[in-house]
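Hi,

Here is the structure I promised to pass on.

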Amino acid sequence: MNKRLQRLDKKYIWHPFTQMQDWLREEPLIVREGKSSYIFDTAGKKYLDGVSSLWVNVHGHRKKIIDKALRDQLKLIAHSTFLGLTHKPAIELAEELIKIVPSGLAKVFYSDNGSTSVEIALKMSLQYWLHKGRHKKTKFIYFENSYHGDTIGSVSVGGIDLFHRLYRPLLFKSYRLSFSYARLKSVIIKHHRNIAALVIEPLIQGAAGMRLAPHGFLREIRSLCLRYQILLITDEVATGFGRTGKMFACEHEGVSPDIMCVGKGITGGYLPLAATLTTNRVYSAFLGKYKDKKTFFHGHSYTANPLACAAALANLKIFKKEKTLVELQPKIDQLRRGLEGFYKLKSVGEVRQLGFMVGIELVKDKRINAAYLQDDKIGIEVVKEARRRGAILRPLGNVIVLMPPLSISSVDLRKLLKITYQSIAAATNNS
Ligand SMILES: Cc1ncc(COP(=O)(O)O)c(C=O)c1O
């Protein structure tokens, strides 16, 4: 059965972010089931889910409360349109979300993936200024190394050359800046009349390899944006729902944005759902007579899918019931202490951590400042070693990411650290 599925996969499927020529040479792992922090393949081998199934899983796989919420919802309806109709799971979820997001955010616009939630934020901010009569405010500020998704709008505000440069002919121009406050301020002073919004991954750039922003940077940005009438969009698609140790990363610096994007962990990692939240101020600018054409012209077939909303509601219930964020704090410390040992390896450069988001940078030999090249594919080699040892990891170039489910037990966390350490040592010929 395994062989048959592998053959059919190779015959019919094109995988995301994957060099298919390599894929065709390898034996793909075929996932069969999941339980808590583990994934099982069709041959029955079990693996720790070290990256929460691409940063989405929160309370573990096959969580009873979420499973039940889905079964209950299935008895009612799996999907109905959100264009011109509404439903209970989406309404109740919106109410719950508004209770937990930074103050000031008051409206929820649903979609179905993180890229789209950013796309919506960009369109929303541009249209907001149009309704305010500020027709020149059409540009955006974004940051080097930022990642906001793979659709054309979100790629336009993406700063990772490997992923984004190729598509330049399709992209709109924006202001791309580094994390330099002085430079940011001077661009804003000079160009604010043309700038609709600034978009940022708060505190930590995930896909760039878990790069941390300078302490207090987000707070400084907030006040600049307020002073110069630029909307602040925080993309919490990766950081949201506890991943940084607080429910949302903005909370670390007491910042409340004008627009906030969430996705990934919103359903506990069960189903595709995202949301773009905003303030009453932004929302009211879209109110008017039908003929005024102030409607926000955006929506998807699966916007606010009832099953996904039911899963998200259950996800939030678990946060309360199991005190997920309280339980997480000692595990964040355990992770930090465990990572300290990694510096013993000469192939480990910087280790970056914010809560349960970790990036371990691999270098050839830090004693002589020798770096790996992207083409060395060292991250991929480490992942292969980890798989042999029973953990699923996914690298970002030469950075090994650790982002286990928030519910991982302390014992499994220790195991994950051990496997990661051994895999790095083995792949880099280190000890
Ligand atoms: C910060 C951030 N924004 C947006 C996205 C895109 O989300 P999706 O893959 O659901 O489109 C990601 C995905 O990794 C992300 O990390």
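Predicted model: local features only at pLDDT ≥ 70, side-chain atom pairs only at ≥ 80, totals over all residues.

To start with something you can check on screen: which residue in β10 does L198 stand opposite? The answer is L232. The strands involved are β7 (residues 195–200) and β10 (residues 231–235), which pair in the parallel sense over four bridges. Pairing here requires at least two DSSP bridges between the strands.

Numbering runs from 1 along each chain as its sequence is written.

Now the sheet. It is open, with seven strands in the order β4-β12-β11-β10-β7-β5-β6 and mixed pairing. β4 (105–111) and β6 stand at the edges with a single partner strand each, so one side of each has no neighbour in the sheet. From one strand to the next, the twist averages 20°. Helix α5 (residues 88–100) packs on the sheet, touching β4 and β12 (274–279), and its direction makes about 135° with that of β4. Helix α10 (residues 217–227) lies across β7 and β10, at about 150° to β10. For these angles, axes are lines fitted to C-alpha atoms (for helices over the stretch in contact), and the values run from 0 to 180 degrees between N-to-C directions. Contact means C-beta atoms, placed from the backbone, within 7 Å.

G34 stands opposite I39 in β2. Two residues lie between the strands, and S36 takes a positive phi near 55°.

Then the ligand. Of the 14 residues around it, G114, S115, G149, V237 and A238 come nearest; a residue counts as near if its C-beta atom, placed from the backbone, lies within 6 Å. Helix α6 (residues 114–131) gives the most to this shell, with three residues.

Finally, F179 sits in the loop between β6 (175–177) and α9 (181–191). Leaving out residues up to four places away in sequence, F179 touches F143, A213, P214 and F217.

Cheers

Conventions: Contact = placed C-beta atoms within 7 Å.
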